[in-house]
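Please take a look at the model below before reading on.

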Amino acid sequence: MRKLFSIVCLEIMLVATPSLAGSEDFLSKDDRRLVQQSLSQSGFDTRGVDGVFGKGTRRAIWEWETFNGYKSMGRLTRAQFAAISGDG
């Protein structure tokens, strides 16, 4: 129940206030595919690898952030991208 509540809160936050989490404009479409592929291979279901960060990818990023001790926002910083992509 707690996980479901957290996921619902995440979806509300991402829909209602997407700009509060920061910008991922530095990520190309290929970078986004790499993120999705890396998350999926690590057990975080992005609901596909298409280079578009939809609800499935946002949820996977949020779960990855939580698992790795980051502040969970569902949006990647440059440092988090480096960690996910293997450059960090």
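The model is a predicted one. Its chain contains four helices and zero strands, and reading along the sequence gives the pattern α-α-α-α. The chain has 88 residues, of which 36% count as buried. Its accessible surface is about 5500 Å², and carbon and sulfur atoms hold 55% of that area. As for contacts within the chain, take those with a separation of 6 or more: 41% of them are between residues 24 or more positions apart.

Now turn to two of the helices. Helix α2 covers residues 29–41 and helix α3 covers residues 55–67. How far apart are the axes of α2 and α3, and at what angle do these helices pack? The axes are 11 Å apart, and the angle is about 60°. Because angles of 65 to 115 degrees count as roughly perpendicular and those under 35 as roughly parallel, this angle makes α2 oblique to α3. The crossing of the two helices is left-handed.

Which residues of α2 and α3 make the contact? From α2 come R32, Q36 and L39, while α3 supplies T57, R58, A60, I61 and W64. Sorted by class, the contact between α2 and α3 has four nonpolar residues, along with two polar and two charged ones.

How values were computed: Residues numbered from 1 in each chain as written. Predicted model: local features only at pLDDT ≥ 70, side-chain atom pairs only at ≥ 80, totals over all residues. Heavy atoms only, no water. Axes fitted to C-alpha atoms, helices over the stretch in contact; angles between N-to-C directions. Parallel < 35°, antiparallel > 145°, perpendicular 65-115°, else oblique. Left-handed = near helix turned anticlockwise from the far one by under 90°. Contact = heavy atoms within 4.5 Å. Nonpolar A, V, L, I, M, F, W, Y, C, P; charged D, E, K, R; others polar. Buried < 20%, exposed > 50% of the residue type's maximum accessible area, 1.4 Å probe, protein only. Areas by Shrake-Rupley, 256 points an atom, 1.4 Å probe, with all protein chains shown as cover.
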